[in-house]
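Hi everyone, thanks for making time this morning. I'd like to walk you through one part of a structure I've been looking at, so let's bring it up on the screen.

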Amino acid sequence: MDVAALAEAASAAAAAQKDKDKSEAKVRHADQRTAPADRATATPVADTEAVRHPTALPADQVEVRTLDKGQSLVPPIPRLGPAGQPAPAAPVVEAPAPTPVVPERVQAKAPPSAPAVVTAPVTRPAPPVVRKATRAPRPKPVLAKVTRHEDTHEPTSVEVHKSIHWDYEGPNGPARWGQLNPAWKTCDSGKRQSPIDIRDGIRVDLEPIKFDYVPTYFRILNNGHTVQVSVGPGNTMSVMGRTFDLVQFHFHRPSEERINGRGFDMVAHLVHKDLDGRLAVVAVLIERGDAHPTVQTLWNNLPLEQHHDYAPAVPINVAELLPQAPEYYTYMGSLTTPPCSEDVLWMVMKQPIKLSAEQIAIFQRLYPMNARPVQPDNERLIKASR
Ligand SMILES: [Zn+2]
C-alpha cells in the first residue's frame, strides 16, 4: 500500500470536504452518476473509471450539488425482487407530491471563508417516475432509494463542456493525462497503475468471489469515453472479508488488461465500492463467440446521444455477465482513466465471456479504441487461482 499516496489522498479529501460548499463548479467529464436522493451533501465530481473516490478530488474541482432530503434529480431506478419478479410491497411513486428543492446546482461563488451558500428553496414537482400508470396492473417494483451514487456524477452536457478533455489518443492521450490536470498527476507518478499485463502471479487457492447480484433496472449512458451502465442498490460482491456494492459497469475495446501478453476483444469492468469508499473492480474479459443476451439488452437500449442517460423499462441481471468459472487473478491497481486513483482492488476473471461479432462491432462503432495501455507492474504481487 502506498502510504504517501494515501496520505495525499486523505489530505485532498479533507480539503475537498472543507471547500466543497464554496467551490465554484468546475466540472469534468465523467462516467459518473450524481448524488443520491437522500444525501444533502455537496458531491465531488467524479471521473470515469468509476466511482471516483471522494478523496481524489481537489477543492477547486469540486462541484457543489445540494439537494434536500428526499429530492432526486432524476427518477430513481426501480428494483426488482430477488426472484426476478417485481417486489410487491413497496409503493410506487407515480407522481410525487411537490417537494421543496434547492436549485440543482448551487454554485456558491462565495469568498473562501463564507459558509455554504444555499439559495432559498423553491418548490417544484419532483420528476415523475418513468413507469406509466396506464399499464395493465402488475406488481409494482420497489423504488430504489438511491438513483445515483454519492461519489459519482454524470455531468449534464453543460458540465461536460467545462471539463478538461482527455482522450485515448492524440495530444490529450494517455501519455499526457498526468499533465492535463494537477488532480490527475497520479496517472504519471503512480507506481500501482492499471491496467497491467498479468503474468508471473503466485498460484494459490483464492477464495471464490461471492457475487450476490439480483435483477435490477439500470441506467445506460454513453459518456464520451465508454458505455456505462449504472444499477440500483442491492447488488453486492464479497471477497477477502469485505462486501462491496456494484455501482456501475462499463466496457473497453480492446481489453485493457493482458494475460501473459495476450489481449482480448473487449473487457467489462464491474466497479464496486464498499462503505469505506474502497473500490474493487471485477474485470470480465470478452472474446468473440455466441451473442450475449444481456449485452443485447444493453445495446438495444443505447442512448442516441452522449451524456444523456436513459433508464429503460427492462431489467437486467448483471450475474449473467459473469463467467461460469470462478478462477481469477487479483492485484492492487488504479482507475484506468483520469484521475488514475490508486488503492483499487482488481479481480480479473480468468474465463472470458462471449459476445457475437455483431455485438462487438456495435461497440466498436462507438468506441474503436478506448483502452489505456498497460502500465509497469513495478513488481506488484499478483495472485492467481490455481
Ligand atoms: Zn474500465
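Let's begin at Leu270, which touches Leu246, Phe249, Val281, Val282, Val284 and Val318, leaving aside residues up to four places away in sequence. Please keep in mind that this is a predicted model.

Which residues touch the most other members of the largest nonpolar core? Leu270 is one of them, together with Val281, Val282, Ala283, Val284 and Ile286, in a core of 58 residues. Strand E16, residues 279–288, supplies the largest share of this core, with 8 residues. As a general point, nonpolar side chains in soluble globular proteins tend to be buried together.

Now let's turn to strand E13, which spans residues 242–252. How many of its 11 residues are buried? The count is 9, so to speak a mostly covered strand.

E13 pairs with several other strands, and I'll take them in turn. With strand E15, residues 266–273, it runs antiparallel, and 7 bridges join the two. If you'd like a pair to look for on screen, Leu246 has His272 in E15 as its bridge partner. Leu246 is also among the residues that Leu270 touches.

Next comes strand E12, residues 236–239, again antiparallel to E13, with 4 bridges between them. Here Thr236 is bridged to Asp245 in E13. E12 and E13 form a hairpin with 2 residues between the strands, and Met240 takes a positive phi near 50° there.

Then there is strand E11, residues 227–231, which is joined to E13 by 3 bridges and is antiparallel to it as well. In this pairing, Ser230 stands opposite Gln248 of E13.

Let me also show you a helix. Leu298 sits in helix H5, residues 293–300. Is Leu298 buried or exposed? Leu298 counts as buried because it has 22 C-beta neighbours inside 10 Å. Beyond residues up to four places away in sequence, Leu298 touches Ile220 and Val229. Val229 is 69 residues from Leu298 in sequence, yet their C-alpha atoms are 8.3 Å apart in space.

Finally, let's zoom out to the whole chain. It has 6 helices and 20 strands, and buried residues account for 45% of its 386 residues. Of the contacts between residues at least 6 apart in sequence, 74% join residues at least 24 apart.

How values were computed
Residues are numbered from 1 along each chain as its sequence is written. This is a predicted model: local features need pLDDT of at least 70, side-chain atom pairs count only at pLDDT 80 or more; totals for chains, interfaces and linings use all residues. A residue is buried if 20 or more other C-beta atoms lie within 10 Å of its own, exposed if 12 or fewer, and partly exposed in between; C-beta atoms are placed from the backbone. Two residues are in contact if their C-beta atoms, placed from the backbone, lie within 7 Å. A nonpolar core is a set of buried Ala, Val, Leu, Ile, Met, Phe, Trp, Tyr and Cys residues joined through C-beta atoms within 7 Å. Two strands pair if DSSP finds at least two bridges between them.
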